Amino acid sequence: MLNKAFAAAGAAAWGGLPFSELAADMTPEAIAKAEQLCPNPRAVLVAAFPYYAGERPGNLSLYARGRDYHQVVTARLNTICDILRKKYENEIFLPAADNSPLPERQAAWRCGIGLRGKNGLVILPPYGSYVFLGTILTDVELELPLRTPSPGCVGCGKCLTACPGGALGEAGVEVSRCLSDLTQKKGELTEGEAALLKAHPLIWGCDTCQRVCPYNAAPALSPLPEFREGLVDALEGADLEGLTNRTFREKYGDRAFAWRGPAPLRRNLKGRGK
Ligand code: SF4
Ligand code: SF4
């Protein structure tokens, strides 16, 4: 039943694991938050949704060009939750995408979805690392498919060498040095941060460790229309001119780059003289 439901929802792969197993990758605070959302959590389902839309020039990260993945993935997972809610009345099924206390990548790797990239990403051939992850948290002890943890990538090290922020090492990702985070930072940047961004081709996000990865040399296109159609590939100063926070949200509220409002985008554009 779940195989069919995940396929109908557009997931390229899915798995599930007991919450107690995933808890090994969570802080006590994250566990407490998950228990607030779902008292007696029993299982976590996790799924991958491809988003690659082909090569197109632009200054936004590829993940941010289509419709906001938080909204899209959550809505798609909700179709599965609806099926489960019918079967298990009065039980909890909570869909989420990148906005829950659950460590999605670890959940995916524990379920054997794709490979463990040294760039800290889930790599799912033939889609490469261009996949969004989403989870469903439940208090039902579901029957889960067999799972073998994901193997590592080939370990070529290209992502480590190419990372402009020096955020990648053998020990993993140092998020505070990641340029993707820097582009989303609020307020003023330090001189060093501004210089890093000036030399960077994107004003939102950083695709460098994905671009150089051999698994992303010829990724399969996403079958999901939300990530293939109506893309915003680039933003220039004129696109943001005169927009208030409200009108910015009216124009771009269905995009993942909109959550911080127009200020960081304007700052990042200004930093490169646009
Ligand atoms: S997104 Fe960019 S800065 Fe962040 S780890 Fe990858 S290459 Fe480094
Ligand atoms: S660039 Fe190489 S080391 Fe990095 S994630 Fe891809 S295959 Fe692994």
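Visitor: Is Asn 90 buried or exposed?

Guide: Buried means under 20% relative accessible area, exposed over 50%, and partly exposed in between (1.4 Å probe, protein chains only). Asn 90 counts as exposed because its relative accessibility is 79%. This is a predicted model, in which local features need pLDDT of at least 70, side-chain atom pairs count only at pLDDT 80 or more, and totals for chains, interfaces and linings use all residues. Residues are numbered from 1 along each chain as its sequence is written, ligands are numbered from 1 and chains lettered from A in the order in which they are written, and side-chain values use heavy atoms, with hydrogens and water left out.

Visitor: Where is Asn 90 found?

Guide: Helices (H or I, at least four residues) and strands (E, at least two) are DSSP runs, numbered from the N terminus. Asn 90 is in the loop between α4 (69-87) and β3 (93-96). Its phi is positive, about 70 degrees, although Asn 90 is not a glycine.

Visitor: Which value does phi of Asn 40 take?

Guide: Phi of Asn 40 is near 60 degrees, again positive in a residue other than glycine. The loop between α3 (28-37) and β2 (43-50) holds Asn 40, and at 54% relative accessibility Asn 40 counts as exposed.

Visitor: Which residues does a cis peptide bond join?

Guide: The cis bond joins Pro 125 and Pro 126, with omega about 5 degrees. Pro 126 lies in the loop between β5 (122-123) and β6 (131-138).
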